[in-house]
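Please look at the model below before reading on. The notes that follow take two places in turn.

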Amino acid sequence: MKGKKKVIAAVASILALTLTLGVAAGARSIYPIFVNGEETALTGNTANGVTTIGLRALAEKLGFKVDFDYDDSAIRITKADEVKITTLAENNNGSNTALDKEFGFSAIIETANDKIIFDTAKAGQFLKNAKALGIDLADCNKMVLSHSHYDHCGGVIPYFDTYGAENKTLFVKKDFFDKAGEKYYYDAVGQKFDFTDGTVGYFPVGINFTEQDLLDRGVAIEYLDTGTVKIADGVTVYGSFDKDESFKLAPNMLEKNAGGEYEVDDFDEEVAVAVETSKGLVILSGCSHSGILNIVNTIEERSGEKVYAVIGGFHLLDADEATIQKTIDRFKELGVQQIGLSHCTGPKATKMFQEQMPGQTFLNNTGSVYTVD
């Protein structure tokens, strides 16, 4: 790596990389270029003992990005980000009609060294969609579950039954299973959602498997007992969010206690993921029951890093316009450049984001692929 940096530093002020070669009389003038022993389409052109190679082509082949800064009369070479986030299941599929939409959220984070599944949506449709997208889930080495609701964990058992548990680690907050089967939604007016039938009442939204179900399948479970845990190079899981009560948005999300009484769910088990990039952090949130601003503000403060992108469900479905406006204003203040709206964000919030931050906002549907620009 140090050698590569020296090469790049040596060419930072010129438009072509030159290699001085001792060329014998009659030697050919075009040389093939090999990178790590593999022949490339690049060639070096020799004239008078000096071989010239295009700077941009060679730098990009080596995994760097070249920008010509005409204002500063400089060439800037940076390591290209090796981060790709693909949404494998979400409420909508947008223009990706070959994929099946499914209520909930599931994504895969691919970096240089890891493939991490973040949530699994409602019932395992993400497995089929991954195959259609040419993504091999067999070699995913990590899985993170944002919280214990059915529409984010429904594909867990189908995944491990399909691909096994060898060399795979499941990351959940330490209290993930405490009341995972006692989660409810209270509908006071009789709406028709995926998890309600249009009548007033309490509806179960917890998971249908236990910790023992996973242990019986040989799943290695790592319980996160601190607010910040790095699980891979450049990938950190955050939880135990600092909660400004004015941004808590889930009063109708409940837990049933041991006495059979319903209490407001504090979502102590909820986590989000932050991925480091050259532009700043990319935050991935499953449902943001703790409040999307509580999540983003906590990660920004703990990390000390710029928040470049926020993707996922913002749970602004039942929020009033004032709360949504506070969220938009804070995103503007933070300078968030990419906002991928999914799942439980809600049509009103989506419309307001699109109107007020049109250059930053996009719909993150089933099949959406996000890379750092």
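1. The model is predicted.

2. H8 covers residues 321-334 and H9 covers residues 347-356. The two helices pack at an angle of about 40°, and their axes are 10 Å apart. Angles from 65 to 115 degrees would count as roughly perpendicular and those under 35 as roughly parallel, so H8 and H9 are oblique to each other. The crossing of H8 past H9 is right-handed.

3. Which residues of H9 are buried? They are Ala349, Thr350, Met352 and Phe353. These residues lie on the same side of H9, because they cover an arc of only 165° around the axis. Residues three or four places apart in an α-helix point the same way, because there are 3.6 residues a turn. The cover over the buried residues of H9 includes H8, strand E22 (338-342) and strand E23 (361-363). Pro347 and Glu355, on the other side of H9, are exposed.

4. A separate point concerns asparagine 294, in helix H7 (residues 292-303). Is asparagine 294 buried or exposed? Its relative accessibility is 2%, so asparagine 294 counts as buried, the cut-off being under 20%.

5. Asparagine 294 and aspartate 242 are 52 residues apart in sequence, yet their C-alpha atoms are 6.1 Å apart in space. Beyond its neighbours within four places in sequence, asparagine 294 is in contact with Phe241, Asp242, Lys243, Asp244, Phe247 and Lys248.

Notes. Residues are numbered from 1 along each chain as its sequence is written. This is a predicted model: local features need pLDDT of at least 70, side-chain atom pairs count only at pLDDT 80 or more; totals for chains, interfaces and linings use all residues. Side-chain values use heavy atoms; hydrogens and water are left out. Axes are lines fitted to C-alpha atoms, for helices over the stretch in contact, and angles run from 0 to 180 degrees between N-to-C directions. Helices (H or I, at least four residues) and strands (E, at least two) are DSSP runs, numbered from the N terminus. Angles under 35 degrees count as roughly parallel, over 145 as roughly antiparallel, 65 to 115 as roughly perpendicular and the rest as oblique. A crossing is left-handed if the near helix is turned anticlockwise from the far one by less than a right angle, and right-handed if clockwise. Buried means under 20% relative accessible area, exposed over 50%, partly exposed in between (1.4 Å probe, protein chains only). The arc is that of the directions from the helix axis to the C-beta atoms. Contact means heavy atoms within 4.5 Å.
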